[in-house]
Amino acid sequence: MLRMNTIFQKNFPVIITIGIVAGMFTACDKIEYPYGKKIELPDTVACPPPQFTPNTAAARTVLVEDYTGHTCGNCPPAADVLKQMVDGGGGKIIGMAVHCGATYAAPQLPDYPEDHRTPVGEAFDAQFGVSSAGQPNGMVNRKVFSGNRVVFHSNWVNRANQILTANPNADVDIQISNCYVSSAQKIVSYVYVSFLKNMPGNYKLGVYVTEDHVIADQKKYTYDDQGNLITLHIEDYDHMHMLRGSLSTFFGEQVGGTDVSQGFSIRKDFSQTINTIWNPQNCHVVAVLYNADTFEIVQSAEAKFIP
């Protein structure tokens with residue numbers, strides 16, 4: 001269902017609109033969370049671990065994070081960009097929508113009662129300051145471009161292409177094998193990491209849960225033919241790539257030591273009883289390997305709970 005109201009007069013100056021929105025963005029509070037969590041051990045009887053073989057021809061992937069909120073009227077266009085990138089990326093683009101911050105992601109009664117924020121998402125936002133730079137905004141492999149890690153959604157495609165064309169071959173192979181135990185509402189995830197070249201530095205593996213097709217309220221701004229800005233309240237908006245939680249600690253587990261050698265491989269095991277509001281048919285495990293010194297992501301992988 002869709003509800004709408006005209007909230008600004010015809011030909012409302014764009015520069016003023018931007019100024020007002022920017023002021024609202026900078027008012028967002030940061031919430032500090034501990035960076036750890038208890039990791040459940042997997043049920044290896046119900047879900048025996050598989051045998052992994054390294055894929056030496058693995059293609060490079062890019063994680064695109066969209067920092068968003070359900071009362072952010074400018075955010076749906078960014079979500080559209082991310083969905084198009086994922087759908088057209090041939091498996092090389094992995095999406096994550098992080099609902100965060102007090103300004104646009106907090107519940108606002110009566111129209112926006114739900115809270116899609118997560119402790120891990122708030123921890124990311126506190127670390128990288130994305131929402132304080134304005135929403136919608138995001139990161140592309142958490143890479144710093146021209147001195148800035150935060151990337152506006154109109155630049156996501158160019159930044160992702162820049163990474164993929166510079167070196168299309170992966171430096172690290174990540175494979176995920178999931179086993180969903182429906183009787184216990186538990187996901188067991190085995191994540192395999194194999195280094196395909198010598199990699200100086202320290203590396204961590206973060207493992208997270210995202211969900212597609214979360215049907216819930218969303219505010220959206222648009223314009224009519226006369227230039228009036230319209231606020232839409234979409235009651236059945238299809239939220240995609242929504243960050244739901246973490247299987248690892250928030251910022252991941254150490255993988256190898258300093259300066260990892262080519263051929264080093266490791267399997268990390270994760271398990272969690274899922275939230276009852278999640279639909280396991282629409283959930284994914286997202287594994288992210290990054291340089292712990294710079295936070296830049298080296299490689300990511302994604303796999304459905306239920307293939």
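Q: What should I know before reading numbers off it?
A: This is a predicted model, where local features need pLDDT of at least 70, side-chain atom pairs count only at pLDDT 80 or more, and totals for chains, interfaces and linings use all residues. Residues are numbered from 1 along each chain as its sequence is written, and side-chain values use heavy atoms, with hydrogens and water left out.

Q: How many salt bridges are there in the whole structure?
A: The search finds 8, taking a salt bridge as a side-chain nitrogen of Lys or Arg within 4 Å of a carboxyl oxygen of Asp or Glu.

Q: What does Lys143 pair with?
A: Glu296, with the closest N and O atoms 3.6 Å apart. Lys143 sits in the loop between strand E4 and H4, and Glu296 in the loop between strand E13 and E14, so the pair ties together parts 153 residues apart in sequence. Helices (H or I, at least four residues) and strands (E, at least two) are DSSP runs, numbered from the N terminus.

Q: Is Glu296 buried or partly exposed?
A: Partly exposed, at 30% relative accessibility; the class lies between buried (under 20%) and exposed (over 50%), with a 1.4 Å probe and protein chains only.
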